[in-house]
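Please open the model and keep the sequence beside it. The report below is meant to be read with both in view.

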Amino acid sequence: MPDTPIAPANPLPKRGTPEWKARRRKLKHEWRHLNLEHSKMTQRSYEYKRKYGITIDDYDQMFEDQNGDCCICEVNRAALHKDLAVDHCHITGKIRGLLCTPCNTALGLFKDNEFIINKALEYLKKARNDS
């Protein structure tokens, strides 16, 4: 019997090497795939906390308070393909409510500017009266 230990056939790569990083990426990907629901909830929880300073419980409470409806158009979440978005003031960071993607996008395109939104409303009213 030799005095030196026998190395395994496929030794693990040294920590920090490109091989180690590639192996770690592969294992993380496989784990996420096998634990998809947990991964999604963890990511969602992290994003809500990082972007808005709220927990999933806070989001769920807002959702319940709004009966699952968008604050603007009142479409229910059940009719949508995505969760309602957390609408917030980009200046103060204050959360205003939950919106469907089209309403959230519209506010963003109007730059949250009441003057522009009112001008758009006047435009639509005038166009309706002219027809």
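What follows is a short tour, from the overall fold to single residues.

## About the model

This is a predicted model, in which local features need pLDDT of at least 70 and side-chain atom pairs count only at pLDDT 80 or more, while totals for chains, interfaces and linings use all residues. Residues are numbered from 1 along each chain as its sequence is written, and side-chain values use heavy atoms, with hydrogens and water left out.

## Overall shape

Let us begin with the whole chain. The protein has five helices and two strands, and from the N terminus on its elements run α-α-α-β-β-α-α. Helices (H or I, at least four residues) and strands (E, at least two) are DSSP runs, numbered from the N terminus. The radius of gyration is 25 Å, well over the 14 Å that the globule rule gives for 131 residues, so the protein is more spread out than a compact globule. Here the radius is taken over C-alpha atoms, and the rule is 2.2 Å times the number of residues to the power 0.38. Along its principal axes, the C-alpha trace spans about 100 × 30 × 30 Å.

Buried residues make up 18% of the 131 residues; buried means under 20% relative accessible area, exposed over 50%, and partly exposed in between (1.4 Å probe, protein chains only). The accessible surface comes to about 11,000 Å², and 57% of it belongs to carbon and sulfur atoms. These areas come from the Shrake-Rupley method with a 1.4 Å probe, and for residues only the protein chains shown count as cover. Of the contacts with a separation of 6 or more, 33% are between residues 24 or more positions apart, where contact means heavy atoms within 4.5 Å.

## Where helices 2 and 3 meet

Helix 2 (residues 36-52) and helix 3 (residues 56-65) pack at an angle of about 85°, with their axes 9 Å apart. Axes are lines fitted to C-alpha atoms, for helices over the stretch in contact, and angles run from 0 to 180 degrees between N-to-C directions. That angle makes helix 2 roughly perpendicular to helix 3; angles under 35 degrees count as roughly parallel, over 145 as roughly antiparallel, 65 to 115 as roughly perpendicular and the rest as oblique. Helix 2 brings Met41, Arg44, Ser45 and Tyr48 to the contact, and helix 3 brings Ile56, Tyr59 and Asp60.

Now take a look at Tyr59, which sits in helix 3 and is buried, with a relative accessible area of 2%. Leaving aside neighbours within four places in sequence, Tyr59 is in contact with Arg44, Tyr48, Ile54, Asp83, Leu84, Val86 and Leu98. Tyr59 and Tyr48 are eleven residues apart in sequence and 8.3 Å apart in space, C-alpha to C-alpha.

His88 is found in strand 1 (residues 85-88) and counts as buried at 17% relative accessibility. Not counting residues up to four places away in sequence, His88 touches Tyr52, Gly93, Lys94, Ile95, Arg96 and Asp112.

Asp112 lies in the loop between helix 4 (101-109) and helix 5 (114-130) and is partly exposed, with a relative accessible area of 31%. Asn67 has a positive phi near 55°, and its place is in the loop between helix 3 and strand 1. With a relative accessible area of 59%, Asn67 is exposed.
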